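Open your viewer and let's take a short walk through this structure together. Keep a selection tool handy.

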Amino acid sequence: MTPEQAKNTLINSDYPTDEVIYRTSGSGVIGNYTSGNLTITINHGLPFRPLPVVVWSTVADFSITYTSDSGPLPDRPFSNNIGLVLGTVTDSNTIKLNFVNFMSTGFTLYYRIFAFMPSNIDVDIAPTSSIGNNFIFNTDYRYSKLFIDARVQSVGDVAVFDHNLGYIPQALVWSEYNDGTIETPGVTFNSDSSQLPLGWAAGYTMTTTQLRVNMAMSSYPYAHARIYLDD
Amino acid sequence: MPFPKKFTLSSDFATLSNDGNITVQLIFPASVSIPASGSYSHTVQTTATVGSLGAVTRAQIETSVSPGLWFVGSGMQYVITGGGGVAYQTVVQATRINSTQVTVTATAYNSSFGGATLVTSSTAQIINVRLNTFIAPFI
């Protein structure tokens with residue numbers, strides 16, 4: 001079965017599904033733009049630096065859900081393109097969520113974090129699925145089929161992942177600082193001298209053959225990516 | 001105690017369920033006049049219905065400035081030349097506004113505060129945004 005055929009399956013034993021090796025959730029309170037900084041530090045308890053995906057919301061039922069590179073529209077003119085932003089940094093012990101609020105009101109913020117194991121790590125981990133009536137796999141949904149799971153060194157501030165799938169696949173990307181700290185793509189502007197669009201998720205661009213991570217700084221020598229067959 | 005990477009499929013570990021996908025298109029019209037007063041900007045937007053309650057949205061953005069190059073993320077900005085050779089910024093953003101809808105906006109800015117009116121590019125810009133949603137392993 002070719003990758004293009006496999007991507008249309010719900011589950012495919014030729015390609016691994018995502019295995020979530022860590023989950024946590026919580027909340028915090030942030031003030032308005034006059035005092036609007038909140039850092040939440042979570043001890044992850046893992047023997048390695050995980051690759052986290054943060055989902056957050058200003059409502060407890062997560063009916064409106066944001067990720068690290070998105071947030072509500074601003075309510076004050078010329079304040080910022082996004083009204084409330086999140087930066088996520090992971091080290092060997094903690095995951096730090098750094099929220100900055102540009103809005104006129106404060107919020108109670110709710111977060112959910114799940115994480116993957118980096119490709120250069122392979123250790124025993126306790127199960128994260130719940131026991132009982134919850135389905136891990138349900139044929140009502142399609143499950144992402146992992147095609148590339150890699151950690152690549154940047155060359156000239158660019159890390160390249162060649163997928164050559166011939167179409168635009170889905171991907172998750174993280175940057176690794178020179179001390180091993182992992183940064184999840186957030187709302188920070190990055191520049192690229194080759195006239196590519198300036199991005200606020202550290203400049204990750206995808207073509208039908210490559211994922212390019214524009215690191216912009218030599219202090220980020222590695223990028224991690226999970227590229228899926230799914231488009 | 002299982003090693004996750006030894007398994008292609010494992011019921012010992014939670015996973016992500018893809019539940020929706022859609023591609024929307026915005027067209028930023030040609031030669032829009034943006035005064036250096038008021039909002040200093042011009043916005044076009046569209047709203048897409050995608051994903052279920054609590055679903056997480058991932059976006060990829062392509063513009064006619066760089067066709068075939070998709071930006072991986074919920075927002076990006078690019079610089080383009082308008083009337084009189086003036087360079088200006090356009091910001092594209094995908095934002096979830098309620099449990100079922102995502103709004104995609106493209107906003108061009110006149111940064112010459114108190115200065116001249118900006119006329120945007122004489123070529124209309126086509127902006128494609130792919131939205132994929134998945135249910136995170138918390139429900």
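Which strand gives the largest share of the lining of the largest cavity? Select strand 4 of chain B, which supplies 5 residues of that lining; strands here are DSSP E runs of at least two residues, numbered from the N terminus. A note before going on: this is a predicted model, in which local features need pLDDT of at least 70, side-chain atom pairs count only at pLDDT 80 or more, and totals for chains, interfaces and linings use all residues. Residues are numbered from 1 along each chain as its sequence is written, chains are lettered from A in the order in which they are written, and side-chain values use heavy atoms, without hydrogens and water.

A cavity is a set of points on a 1 Å grid over the protein atoms alone where a 1.4 Å probe fits but cannot get out, and its lining residues have an atom within 4 Å of a point. This one has a volume of about 310 Å³, the space filled by probe spheres set on the points.

Then select the contact between the chains (heavy atoms within 4.5 Å): 72 residues of chain A and 61 residues of chain B take part. Finally, the model scores ipTM 0.82 and pTM 0.85.

Terms used
1 Å grid on protein atoms, 1.4 Å probe; cavity = no way out; pocket = protein on both sides within 12 Å on 5 of 7 lines; lining within 4 Å. Helix = DSSP H or I, 4+ residues; strand = E, 2+ residues; numbered from the N terminus.
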